Amino acid sequence: MTTLFSPLRINNLTIPNRLVMPPMALDLASEKGEVTSKLIEHYVHRAQAHPNPHSPGKRNGETATRAGIGLIIVEHTYVNPSVKAHPRQLGIDDDSLIPGLEKLVEAIHKMGVPIGLQISHSGARALETPTAPSSLVSPYLRRFGKEISDTLEIPVELSIEDINLIIKDFSAAAHRAKEAGFDLIEIHGAHGYLLNEFFSPLTNKRQDQYGGSFENRLRLPLEVITAVKKVVGEELPVFYRLGADDRILGGIGLEDSLRAVPYFVEAGVDCLDISGGICGYLKEGPEGFFTYLSKEIKRISSVPVLVTGGITQASSAHQIITEQSADLVGVGRAMLKDPDWAKKALCLTESVAKES
Ligand SMILES: Cc1cc2nc3c(=O)[nH]c(=O)nc-3n(C[C@H](O)[C@H](O)[C@H](O)COP(=O)(O)O)c2cc1C
């Protein structure tokens, strides 16, 4: 039986267990998007809570261990400075940023934990130059605008030329991430960021080849995935964080996401990371609040599925895996709050697993 402690192989990467620290940006980079010592400490703190006597994170099928976080996916990292979502967001838009990222990778690898990087275009949520598939105030701003700005800024509609540059930005960013030594690349397609906005009929009212039909709305996410896969090669896993339910009437729902799965896989996705909420990540809900999506997606997906959302109890994480609602489980805020969460959770679930 697959448990929280079972390793998972994705292409050339062996993830030693099923517990993932999902991308969470805390504004710890420098204003130029550089890795800072504070940012490294933040990740090391969570990775090092777990002694790794058997060197987890080894590749090519070498012995994996059940100790520690199985995988860290580093926070959303901007692919172009014009699309920064917050002042101290991490960047990957320039080669000069690679040495800092390399340091972060080395520090986490020393702990024996694999590490991925999420690359992102914030679209209508960009601080300075919001852009979108269509010139509409984003659902995110409509909901939270008053909290973050005095005006509801209308994003500029992207031209075909702009779209081609965005694809290039993503592929250059992925190339840099590979250079820096990351074990996988994750493309951000959730939480009202650009690729989510292209896929969603709520925010994409275009009438060209990037809007209208299901296939057209999916075109940019697929072109980005294809371009990223091309630069990183077959072996390095590419994850896609899918906003599988916009949670607004008329937006993307489970049916659309199920229909999109074979397209993502065909384009080169090696793992689907399930999240949702076009107004931003969901903050409330029962334990494992996105498993209603992941378990259906897992049923039809030929690639592994990761789910994150509302998990605070080790027993819930354990259950999600044993009931096959997902292949990997992300625990976000609970790990922020308690850096030792994974260590405690794994000890606890190990004893439960032995008893049952
Ligand atoms: C402070 C913070 C920053 C986040 N930053 C990102 C991010 O950079 N990229 C992303 O895809 N999700 C981000 N998220 C969403 C989390 O990855 C996760 O999906 C969300 O917190 C729900 O999981 P949880 O209930 O386990 O916290 C962030 C969440 C928090 C709390």
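Analyst: Two residues are in contact when they have heavy atoms within 4.5 Å. The structure to be read with this term is a predicted model.

User: Taking Glu179 as an example, which residues does Glu179 touch, leaving aside residues up to four places away in sequence?

Analyst: Glu179 touches Ile98 and Glu102, with residues up to four places away in sequence not counted. Glu179 itself belongs to helix H4. The C-alpha atoms of Glu179 and Leu101 are separated by 9.4 Å, although these two residues lie 78 residues apart along the chain.

User: Is Glu179 buried, partly exposed or exposed?

Analyst: Glu179 counts as partly exposed because its relative accessibility is 48%, and the partly exposed class runs between the limits of 20% for buried and 50% for exposed.

User: Which residues of H2 and H4 meet?

Analyst: From H2 come Ile98, Leu101, Glu102 and Val105, and they meet Arg176, Glu179 and Ala180 of H4. By class, the residues of this contact of H2 with H4 are four nonpolar, no polar and three charged.

User: At what angle do the axes of H1 and H2 cross?

Analyst: The axes of H1 and H2 cross at roughly 20 degrees and come within 9 Å. The angle places H1 roughly parallel to H2, since angles under 35 degrees fall in that class. H1, too, passes H2 in a right-handed crossing. On the H1 side the contact is made by Leu39, Ile40, Tyr43, Val44 and Ala47, and on the H2 side by Lys103, Leu104, Ala107 and Ile108. Eight residues of the contact of H1 with H2 are nonpolar, none is polar and one is charged.

User: Which residues of H1 are buried?

Analyst: In helix H1 (residues 37-47), the buried residues are Leu39, Ile40, His42, Tyr43, Val44, Arg46 and Ala47. The buried residues of H1 pack against H2 and helix H10 (333-337), and against strand E3 (19-21), strand E4 (71-78) and strand E5 (90-91).

User: Where do the axes of H7 and H8 stand in this scheme, roughly parallel or oblique?

Analyst: Helix H7 (residues 254-267) and helix H8 (residues 291-300) have axes that come within 10 Å and cross at roughly 30 degrees. H7 is therefore roughly parallel to H8. The pair also has a right-handed crossing. Leu254, Ser257, Leu258 and Val261 of H7 meet Tyr292, Leu293, Glu296, Ile297 and Ile300 of H8. The residues of the contact of H7 with H8 comprise seven nonpolar, one polar and one charged.

User: How does one read a nonpolar core, and which residues of the largest nonpolar core touch the most other members?

Analyst: In soluble globular proteins, nonpolar side chains tend to be buried together. The largest nonpolar core of this model has 91 residues, and those touching the most other members are Ile72, Leu104, Ile119, Phe182, Ile187, Val228 and Phe264. Helix H6 (residues 214-232) gives the most to this core, with nine residues. Phe182 touches Val74, Leu101, Leu104, Val105, Ile115, Gly116, Leu117, Ala177 and Leu236, when residues up to four places away in sequence are not counted.

User: Which kind of phi value does Asn11 have, positive or negative?

Analyst: Asn11 has a positive phi of about 50 degrees, although Asn11 is not a glycine. Asn11 sits in the loop between strand E1 (8-10) and strand E2 (13-15), and is partly exposed at a relative accessible area of 27%. Arg247, likewise a residue other than glycine, has a positive phi near 60 degrees. The loop that holds Arg247 runs between strand E10 (238-243) and H7. With a relative accessible area of 42%, Arg247 is partly exposed.

Conventions: Residues are numbered from 1 along each chain as its sequence is written. This is a predicted model: local features need pLDDT of at least 70, side-chain atom pairs count only at pLDDT 80 or more; totals for chains, interfaces and linings use all residues. Side-chain values use heavy atoms; hydrogens and water are left out. Axes are lines fitted to C-alpha atoms, for helices over the stretch in contact, and angles run from 0 to 180 degrees between N-to-C directions. Helices (H or I, at least four residues) and strands (E, at least two) are DSSP runs, numbered from the N terminus. Angles under 35 degrees count as roughly parallel, over 145 as roughly antiparallel, 65 to 115 as roughly perpendicular and the rest as oblique. A crossing is left-handed if the near helix is turned anticlockwise from the far one by less than a right angle, and right-handed if clockwise. Ala, Val, Leu, Ile, Met, Phe, Trp, Tyr, Cys and Pro count as nonpolar, Asp, Glu, Lys and Arg as charged, and the others, Gly among them, as polar. A nonpolar core is a set of buried Ala, Val, Leu, Ile, Met, Phe, Trp, Tyr and Cys residues joined through side-chain atoms within 4.5 Å. Buried means under 20% relative accessible area, exposed over 50%, partly exposed in between (1.4 Å probe, protein chains only).
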